[in-house]
Each structure stands twice: as structure tokens, then as C-alpha cells.
Amino acid sequence: MSSRQDLLKMTAFFISPEKPRDISVLITRTALLLCLFTSITLVLCVSFSNRPHPFSRFTSPNRKAFPRPPDNSPTNISHLLFCVGGSAKTWQERRALSSLWWDVNLTRGFFWLDEEPEATAVNSYGTESGISLPYRVSNPEWTRFKYSSSRYAVRVARIILDSFNLKLPNVRWFVLGDDDTVFFTHNLVSVLARYDHREMWYIGGISESVEQNVMHAYDMAFGGGGIAVSYALAEKLVKALDGCLNRYFYFYGSDQRIWACIYEIGVPLTKEPGFHQFDIRGDPYGLLAAHPMAPLLSFHHVEALTPMFPNKTRTDSLKALIEPYRLDPSRILQQYICYDSKRKWSITIAWGYTIQIYPWLVSAVDQHMPLQTFRTWRSWSNGPFTFKTRPVPDNPCEQPVLYFLDRVEEVGSSGTRTRYKLSILGKACNNTTDYAPVMAVKNIVVTSMKMAPDYWQKAPHRQCCEIMDKGSIKSGTMQIRIRNCRQWETTSV
């Protein structure tokens, strides 16, 4: 009975309070109840509604206020932004080299110069399609940084910052290089497609000369050969870059400064053997004829090397190599080894470039080891290099007979035919017993199917080659076919 009376009193209090003081208490309690009710209602609405709420800190999975483009599509050439370091002084001559690989309709990026080039330099030369290469002038802020030996390196190191600040859409990779770097962009796309640009990747190659790695670093991507930086890493790198430039002012090159900064971020170098710094002097033939089992990605220092083809200029040599590359990009310079068991010949093919014939049996391991036709970059020494080499014998009768690419053509839509012509360089061998039969081979024709676009997305496996027509040589021409290896087939003597 007493509890019912208490309830009636409480109800009466809310309906008709007895004293003025009770009115103020009533108002306060009512306000508190309203606040509590409103808070509970708000929490329930935010928790169970799929629509965004203006007070919510979180975005529901179906929120459409800030749509983002799909990011899972395969990487293609439009996702690469090339950031090439150059100068107004070298712009005239270097852009002729750059035009060999830059496709004005597909390639994105800029050549970054220290100042505006002369008007004659801009207008007097364009690409093969007649359109000038795109260039920009570096942000002058680079001049405020101190340096010890190379002021140019400070500006080039900040090119990735200048490029990032352009805020161009759909950029997944920033590809850094010099104006004397030649990129093989189709293969570069194939390689970078293996990596997730949303993660922090630092990709490149080291120097061929040990002395260069000792001077700089063994785990640094050398800039002339090309450096690929994923968007995720670039986003963090550009925020820390200026501080790194101040801390590492005593470093020589721009690539070393970038390496130091990325090292502070905590990202290691991922090496891709197709990047070629070419820190070598002399003839690159030995390296090109024994390319690693990896796609060709870049050349550097081409102007400092002997022309790749005999009786051609450096530029014409590059054009000759780029022609087969355009027909079958994944196959260029890939090495194939086959044997003529009847004549006991060893044959090595560097597709799109050269063929060597040894009038005796040579193991596949030895044929894959580059002939040392070159010296180190800085001291012009015979080594050491970051790979094993074999010496070029002084006796011409101990050297292979060489053939160089003479013609390339497409067969249908899925095949190629390349022809290699005998080339006599220097003194010929007088050993008629072994060498005369080889010298009778004036041309070698190699047929093959084009490599699949996803070839380098899988575990690498060298294909096999076989001599056609039971080894018969007709009109001085040998026929060879490159094909997939059979199930139990190996390349052995």
C-alpha cells in the first residue's frame, strides 16, 4: 500500500509540484531525461543504419561520399610515370637517344632540366613521329641544399618530389633514370606488374663493377640503370626527402641520397637483373650475348661503350636491337643453347642480337658465362665484376665464330623469323679442319613463336632450340628453331 502511495506522490510531483523550488528540479530532471533519450536514439541510428551519419567517425562499407577508382586492374604502361634527369646543356644530343624508346602516344612522364633549353634545341629535333619530348624545369628549391661534390645530384634527387607534386592521376610507379638511359618499357611493365604498388617497393639493379659498389653501396639501386619506386613508397619518401638531403649532403650521387632515405624508411632493395647500369668500359658484347634469364629492362652509358653491332654507330646499333624487341619484347637477348651432335658444334643464340658457334663441345654453364670483352668503369681494370667472366682467348682458333642480326620479320601474327649473318672481326683462324666447315655457314635463320605476354609472370625456364633439316646446310644457310623443351629434355653436351 505504501509503495502505491509513493508512486502516486511521484506522479503528482511531475504533474503539479507543490513549491517553486520543485519546479526548477522538475525542469532539470526533464532535461536530463531528454538528453539521455536523444543519446540512445542517436547511437542506435548510427549502429544500425547503412547510411553515413554526419556525427559518425567511421565510414560504412557502402559509403559513396568519396568514391575511389578500382585499383586491382593489371598494371599497364599508363600506370608508370617516368622521371628522367637531364640538363639544358645535354638536351639536344640526349633527346635523340631518348626518342628511340619514348612512345609519345603511350609513355607518361617528363625530362627534368635545370633551366629552359635554347629554342633551337627544342624545335630542331623531335621524336620519329615529329612530336617533341615533354620536359619541365626543376623546382628551384633544390638550390637551398648544401652539397660536398655534386650540386647536380641534389636537383636530380628531388625529381621524384617534383613529379609526385604534379598529382597526376592513376600513377602506380615512379620510374627514375638519366637522359642517357634506354628503357625497354614493355618488359618494365611486365616486371612491375608482379609487385603490388600499394606496398612499399624499391626496385633496381646494382653496378657490374665491384669497385663502384664498394664506393657507393651493394644494396643500392644505381640510378642510370633505372629505379622503380611504388606509389606507396613515394608517398612516404617525398615527405622525408628534404631532411635526408641535408643529412647526407656528403654523398656523391642522387641515387645514393635516395637510397639512404629509403633505407631510413626501412625498405630494402629488390634486385631485378634486367636493369643494366653498364658500369663497364669497352665492348658490351660479352654481357649482351650472355644475358641473365630475365627480361631486358634498361641500358645506361651507351655513349661510353663500343657500338653493339659492327660497322654501325651507337644509335644505329640501338635501332637494330630495338627492331626485334618490338616484335617479341619478352624474348630480346634471351639465350638459347643447342648442339650439333653430328659435327660436335656448340651453338649459342642471344635472340635478336648474335649467335656464336664453337667448332667443339662447350658446356651450357660455360656458354652462359660472359666473355670478358670489357673492363671496369672507373679504373679500366680486368675486374672484379659482380658475376663470373671468362677471358677472350688471344688465339683466334680458340674463339667462337660470330654472327650478328641481319634481318627480322614477323611470321603471321604469332611467330618471328630472324636471320644472322657471318661477321669476321679481326684475324681469322687458319685451322681449316675445324673452322672451315663453320665458316661455310654464311647465314643462320632462327624461327620461333612469340613469347606469351605473361611469360615473365611465371617461374623462368629457358626454352630449347634444335637444328632443323637434320643439320643440313643449304646455300650456306643453317635453320634453327626455338621451342618449348620436352618433358625430360635438358641442355647438355
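Trainee: In what sense do E18 and strand E19 pair, and how do you know that they count as a pair?

Mentor: In this predicted model, E18 and E19 (residues 477-483) run antiparallel and share four bridges. Pairing asks for at least two bridges, so with four bridges E18 and E19 qualify. You can pick out Ile467 standing opposite Ile480 in E19.

Trainee: What makes E18 an edge strand?

Mentor: E18 (464-467) pairs on one side only, and so does strand E11 (335-340). Look at the order of the eight strands, E11-E12-E13-E15-E16-E17-E19-E18, in an open sheet with mixed pairing. From one strand to the next, the twist averages 25°.

Trainee: Which helices lie on that sheet's strands?

Mentor: Helix H12 (residues 314-327) lies across strand E15 (401-411) and strand E16 (415-423), at about 45° to E15. Helix H14 (residues 432-439) packs on the sheet too, touching strand E12 (345-350), strand E13 (354-358), E15 and E16, and its direction makes about 20° with that of E15.

Trainee: Back to the loop between E18 and E19, where Gly471 is found. Why is Gly471 called buried?

Mentor: Its relative accessible area is 6%. The cut-off for buried is under 20%, so Gly471, at 6%, is buried. The C-alpha of Gly471 is 7.9 Å from that of Lys342, though 129 residues separate them along the chain.

Trainee: Why is H10 described as largely enclosed?

Mentor: Because 10 of its 12 residues are buried, H10 is largely enclosed by the rest of the structure. Among those buried residues are Trp259, Ala260 and Ile265. The cover includes helix H5 (151-157), strand E4 (173-178), helix H8 (210-215) and H9.

Trainee: How do H9 and H10 pack, and at what angle?

Mentor: Helix H9 (residues 231-247) and helix H10 (residues 254-265) pack at about 115°, with axes 9 Å apart. Their crossing is right-handed.

Trainee: Which residues meet there, and how does the contact split by class?

Mentor: Leu237, Leu241 and Cys244 are among those in H9, and they meet a group in H10 that includes Ile258, Cys261 and Ile262. By class, the contact of H9 with H10 has 10 nonpolar, four charged and no polar residues. Leu, Ile and Cys count as nonpolar, so Leu237, Ile258 and Cys261 belong to that class.

Key: Residues numbered from 1 in each chain as written. Predicted model: local features only at pLDDT ≥ 70, side-chain atom pairs only at ≥ 80, totals over all residues. Heavy atoms only, no water. Axes fitted to C-alpha atoms, helices over the stretch in contact; angles between N-to-C directions. Helix = DSSP H or I, 4+ residues; strand = E, 2+ residues; numbered from the N terminus. Left-handed = near helix turned anticlockwise from the far one by under 90°. Contact = heavy atoms within 4.5 Å. Buried < 20%, exposed > 50% of the residue type's maximum accessible area, 1.4 Å probe, protein only.
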